[in-house]
Amino acid sequence: SGGSSESRGALVVLEGLDRSGKTSQSSRLLSYLEGLGHSAELWRFLDRSTDVGQMISSYLSNKSQLDDHTIHLLFSANHWEKRSLMETKLKIGTTLIVNHYFYSGVAFSSAKGLGVEWCKALEVGLLAPDLVLYLDIQPEKATERGGYGDERYEQLEFQKKVSQCYQIVDACQPIEDIEKQLFVRRNVCIKNHIKPRSNLTIV
Ligand code: 2DT
């Protein structure tokens, strides 16, 4: 809905485990785009600037306990509360480079045993990315990179589960099965310039 395809910014998402290099790569991508004269911003989820973000932050740093469904709902709320600003920025031509989005929501929560469909359902209606870059790293390798902090999710055993929950699609399956698994399908153009080919779409 809305936003002319010529002028809008692109929604680019970087996904991957902790210490997979999202922050380094996203800031390089930002400089690159700015160097080309694009208007671009770096975002991240969780977004700690809101009340909801603060609740999640305190959960992650073990200052509060929350039921797994509850924390999933909060992460989802954190995506939803940023939706309209995200849409506004994209429509005025700003490209958003976002570290973690609902793919993480689904991967981290389903790694705890929540149903994938239940997790996904809450994200339906959010803006679909134009491009998702998944930085693939073995969880063991990631720990060697300067180690984790003390946040709740920064533990090897848990990260291993999460890495299995990110849905990397096996392209050798029957075509209908692959289609079912592709969470978001988009035509993407990222060469010298990021130029979305279509209007904003919705998950
Ligand atoms: P940092 O933003 O500090 O990397 O930590 N996560 C993220 C979820 O469990 N669900 C979500 O929906 C999102 C966006 C991934 C955020 C941590 O929270 C996890 C890392």
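Visitor: In which helix is the place of H69?
Guide: This is a predicted model, in which local features need pLDDT of at least 70, side-chain atom pairs count only at pLDDT 80 or more, and totals for chains, interfaces and linings use all residues. Residues are numbered from 1 along each chain as its sequence is written. Helices are DSSP runs of H or I with at least four residues, strands are runs of E with at least two, and both are numbered from the N terminus. H69 lies within residues 68-81, which form helix 3.

Visitor: Is H69 buried, exposed or partly exposed?
Guide: A residue is buried if 20 or more other C-beta atoms, placed from the backbone, lie within 10 Å of its own, exposed if 12 or fewer, and partly exposed in between. H69 has 14 such atoms within 10 Å, so H69 is partly exposed.

Visitor: What is the order of the 4 strands in the open sheet?
Guide: Two strands pair if DSSP finds at least two bridges between them. Strand 2 (40-44) and strand 4 (131-134) each have a single partner strand, so they stand at the edges. With parallel pairing, the order is 2-3-1-4.
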